[in-house]
Amino acid sequence: MATQKRTKHINLTRMRKSLAVKPLAVGVAGMFLSACSDNRQPADIYTSVDDCTSDNPDAADECQAAYQQAIDEAARTSPKFSSVADCEYEFGPNQCRQIATDNGSFFMPFMAGFMVSQLMSPRTYYSQPLFTSYSPYSPFRSRWVTSDGYIFDGDIRKRKYRVKSSTFKPKPTVSRTISRGGFGSSVRAKSSWGSSRSRSGGWGG
C-alpha cells in the first residue's frame, strides 16, 4: 500500500459542508467502562482530535494515538473498489481516494471518524474507524457505519452512544475489491438481521 501523509485520509471539504460537522468526525468512548447489565459502555462523538483533547485534557496523547491507530485500521479494513465510480456510488462524490500498490491500484473511502473504548482506563483502549456517505443511493447516507457494515442509529449529528464491547473487536482485513453496491448490501443486511447473523458471510477478505 502506498505511503501517504496520515492527514490525507480525511476529506475535510466534504465534512465541512454536511450538517455543520467539523472536518474530522470522531467517535471516542467515554472515560469509564459502564457497569450496565447489558454490557454496553458510553461512547461520545467528537468532531476533531482537539475536541477529544478538550474534553479529556489528561488524555491528549491517548486521543492522538487512537486517531493514528484508527487510520491504520481504516487502511486495513475499509471496503475497496476497482473504480472511483463504484466507490463514489457508495460513499458520494469526492469521498474516495486512489491507492497504488505493486499489483495495481484500487479506491477506498476516506475515514470519517473513529471510536475509542476506555480512553481514560489504565487498561488498553481500543480504536475503530468510522465511515459515512453523501451518496443518494446509500443506506447509510449521513450516518455512522463501521468498516464491516454495522450502521449506528441516528445521523452524524448524534454524538452520544452506548455500544457493546464487540464493537471494538478487530475487523477482517480486506484484500480484494468489491463491486458497486456490495458494501451497501452488507449494511442493509446487518440493519435488517443484526450483525451476528450477517457477519458469517462478509464481503471482505
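Start with helix α3, where the buried residues are C63, A66, Y67, A70, I71, E73, A74, A75 and T77. Buried here means under 20% relative accessible area, exposed means over 50%, and partly exposed is in between (1.4 Å probe, protein chains only). Helices (H or I, at least four residues) and strands (E, at least two) are DSSP runs, numbered from the N terminus. Residues are numbered from 1 along each chain as its sequence is written. You're looking at a predicted model, so local features need pLDDT of at least 70 and side-chain atom pairs count only at pLDDT 80 or more, while totals for chains, interfaces and linings use all residues; side-chain values use heavy atoms, with hydrogens and water left out.

Back to α3. The helix runs over residues 60–77, and at 1.5 Å a residue its 18 residues should span 26 Å; the end C-alpha atoms are 26 Å apart, which agrees. That expected span is 1.5 Å times one less than the number of residues. What do the buried residues of α3 pack against? They pack against α2 (49–55), β4 (104–109), β5 (113–117) and β6 (126–130).

Take β5 next. Five of the five residues of β5 are buried, so the strand is largely enclosed by the rest of the structure. In a regular strand the side chains alternate between the two faces of the sheet. Both faces of β5 are covered, with G113, M115 and S117 buried on one side and F114 and V116 buried on the other. β5 pairs with β6 in the antiparallel sense over five bridges, where pairing requires that DSSP finds at least two bridges between the strands. One of the residues to look at is V116, whose bridge partner in β6 is S127.

Now for the nonpolar cores. A nonpolar core is a set of buried Ala, Val, Leu, Ile, Met, Phe, Trp, Tyr and Cys residues joined through side-chain atoms within 4.5 Å. The largest one has 25 residues, and F91, M111, F114, F140 and F183 touch the most other members. At least two residues of this core come from each of α2, α3, α4 (84–91), β5 and α5 (182–193). α3 gives the most, with six residues. There's also a second, separate core of eleven residues, and its members include M115, L130, Y161 and V163.

F91 is worth a click. Leaving out residues up to four places away in sequence, F91 touches P79, F81, C96, P109, F131, T132, S133, Y134, S135, F140 and F183. A contact means heavy atoms within 4.5 Å.

What about charged residues? A search of the whole structure finds four salt bridges, each being a side-chain nitrogen of Lys or Arg within 4 Å of a carboxyl oxygen of Asp or Glu. An α-helix has 3.6 residues a turn, so residues three or four places apart point the same way. E73 counts as buried at 16% relative accessibility, whereas R76 is partly exposed at 25%. Not counting residues up to four places away in sequence, E73 also touches S78, S127 and P129.

Q68 and P129 are 61 residues apart in sequence and 9.9 Å apart in space, C-alpha to C-alpha.

Another salt bridge joins the side chains of D148 and K190 at 3.5 Å, N to O. This pair links distant parts of the chain: D148 is in the loop between β6 and β7 (160–164), and K190 is in helix α5, 42 residues apart. D148 is buried, with a relative accessible area of 8%, and K190 is buried, with 8%. D155 forms a salt bridge with R157, where the closest N and O atoms are 2.6 Å apart, and D155 is partly exposed at 22%.

Finally, the confidence. pLDDT is the predictor's confidence in each residue, from 0 to 100. The mean over the protein chain is 75, and 70% of its residues reach 70 or more. Among the elements, α4 has the highest mean pLDDT (96) and helix α6 (residues 195–198) the lowest (36). pLDDT stays under 50 over residues 1–37, for which the model has 120 contacts beyond four places in sequence. The value also stays under 50 over residues 193–205, with 26 such contacts.
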